[in-house]
Amino acid sequence: MSEPQRSSQLDTIRDGYAFAEPSVVLGAAVDDGRVVPDAVVRLPLASLNRHGLVTGATGTGKTVTLQVLAEQLSDAGVPVFLADVKGDLTGLLTPAVGGGKVDERMGALAQDWAGTAYPVELLNLGGEGIGTPVRATVTDFGPTLLAKVLRLNKTQESSLGLVFHWADQQGLALLDLKDLRAVVQHLVSDEGKDDLRGLGGLAKSTAGVILRELVALSAAGGDVFFGEPEFDTADLMRLTSDGKGIISCLELPGVQDKPVVFSTFLMWLLADLFQDLPEVGNPDKPALVFFFDEAHLLFEDASPAFLDAVELAVRLIRSKGVGIFFVTQTPTDVPESVLAQLGNRVQHALRAHTPNDAKALRATVSTFPFSDYDLAELIPSLGTGEAVVTVLSEKGAPTPVAHTMLRAPQSRIGPSDQDQLDRVVAASALRDRYVEPVDRESAHEMLAARLRQEAELAEAVAAIERDADRVAAERPRTTRAPERSGPTPRGSDDGMVGQVLDSPVMRSMLRSAGTVIGREITRSIFGTRRRRR
């Protein structure tokens, strides 16, 4: 690129990122290996709910980029949710120590920097790891997301939806996996197989697959994620007393061997936010920014219904003030229908060591706006902490593509000390609400009680019928019973019905049936339950 071309390109970058509204500072443009401090690269707060994508090969600085974004969002009063797969992001709790490469980088950028600790709420999945447990009931998680966890095919997913529909109609609370197993077993048993006959029924072979996958999930420790108390996603949207956004950091090192489970749980959190938050249009800054790390795990082997639901949520949740950033290795990890919704891009280095790598690089280059850069050459040559950036301006137009040197985070890169983590967990305002699991009466116990009641009722009816037969046998055959205008004796047929209706067993069953009326649960586009808050 000639000198006049470079000068023109830098002027385009300066103008394209000179936003009047509050912004997150990503860094500054790089020209011929030299940082240009006055060509500052920013991301407007108002554009963050247009979503984004952070991509790059392993070790190129994606996690540090998340840290830089989270820090500035917190300072701007925006709550943040991060999935911490490797445990590195707990460093947000600890001020970074300057010197060395940090001073060198920030000096080249000519930007202010000071080591800072940020307000962090540590969370974990179901008590696996450090932090406050995040759990969901099976009912709230819903059939669409659970089918993804269980790796069910389209037919099996449809059957699982039928099981949830029946449980919803019956008012059976599916709190954990044993509740769902109990319902599936009931619906293929002699006592329950007729309950779904009018809806097509549940094939024993399909039920067998669902039950086997549920057992496998439980055996792998997945049952700890389901239960009560259920996490309220409103707790992700808190501020400190001085107006900083709290960074909710979901610690996942303890469940790295269950990637489908944790990626789908992240989608449940997002689905719950989607259905509960009000419409806010285009706010000056987002109500929450949600970083979806290891995003490729979400889309692997996903059903068409699941992908449609993700696309719809990403498209619609923008108007509720929530920004979503997917973090993965290449843009091709994200379906095109979702990728088209992601307006802000931070592309770290990609390597092209194999034919598949080269194909992914070409696909990545094709997703960027036209620029004077040779992106096929630039992207593989990016150093750690460098990225190719384009974002949406305040007016919704793409900014010029900019080769960017990114800021250094003001908090520690890498995990905080264990003592500090323990202090933060102990001081958590959420811990007392969620730490102890609760096992109240639910579908497993209710179905067992129903079977006992039905057996007792059958025995009561049989006993009354035996009494009626005995009275009839003792009545003289030649004597005609006088007509009665008063109450029917207990030995008569009407009296038998009365005894059945008056029995404690029948009264208990009627009370249970009465709780079902009006309790069918409405569900969102993900099949998650719509909660009334």
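## A packed helix pair and a covered helix

The axes of helix H6 (residues 177-187) and helix H7 (residues 204-219) come within 10 Å of each other and cross at roughly 160°. This is a predicted model. Angles over 145 degrees count as roughly antiparallel, so H6 and H7 are roughly antiparallel to each other. Their crossing is left-handed. H6 contributes Leu177, Leu180, Arg181, Val184 and Gln185 to the contact. From H7 come Ala207, Ile210, Leu211, Leu214, Val215, Leu217 and Ser218.

Next, helix H2. H2 covers residues 62-75, which makes 14 residues. From its first C-alpha to its last, H2 reaches 20 Å, close to the 20 Å expected at 1.5 Å a residue. H2 is mostly covered, with 12 of its 14 residues buried. Among the buried residues are Leu66, Val68, Leu69, Ala70 and Leu73. The buried set also includes Lys62, Glu71, Gln67 and Gln72. After H2 comes Gly77, and its phi is positive, near 80°.

Now the whole chain. It holds 18 helices and 12 strands. Contacts between residues at least 6 apart in sequence were also sorted: 77% of them join residues at least 24 apart. The table gives further totals.

| Chain property | Value |
|---|---|
| Residues in the chain | 533 residues |
| Residues that count as buried | 53% of residues |
| Accessible surface | about 24,000 Å² |
| Accessible surface belonging to carbon and sulfur atoms | 51% of the surface |

How many of the residues of H2 are buried? The count is 12 of 14, while for the chain 53% of the residues count as buried.

Conventions: Residues are numbered from 1 along each chain as its sequence is written. This is a predicted model: local features need pLDDT of at least 70, side-chain atom pairs count only at pLDDT 80 or more; totals for chains, interfaces and linings use all residues. Side-chain values use heavy atoms; hydrogens and water are left out. Helices (H or I, at least four residues) and strands (E, at least two) are DSSP runs, numbered from the N terminus. Buried means under 20% relative accessible area, exposed over 50%, partly exposed in between (1.4 Å probe, protein chains only). Contact means heavy atoms within 4.5 Å. Accessible areas come from the Shrake-Rupley method with a 1.4 Å probe; for residues, only the protein chains shown count as cover. The expected span of a helix is 1.5 Å times one less than its number of residues. Axes are lines fitted to C-alpha atoms, for helices over the stretch in contact, and angles run from 0 to 180 degrees between N-to-C directions. Angles under 35 degrees count as roughly parallel, over 145 as roughly antiparallel, 65 to 115 as roughly perpendicular and the rest as oblique. A crossing is left-handed if the near helix is turned anticlockwise from the far one by less than a right angle, and right-handed if clockwise.
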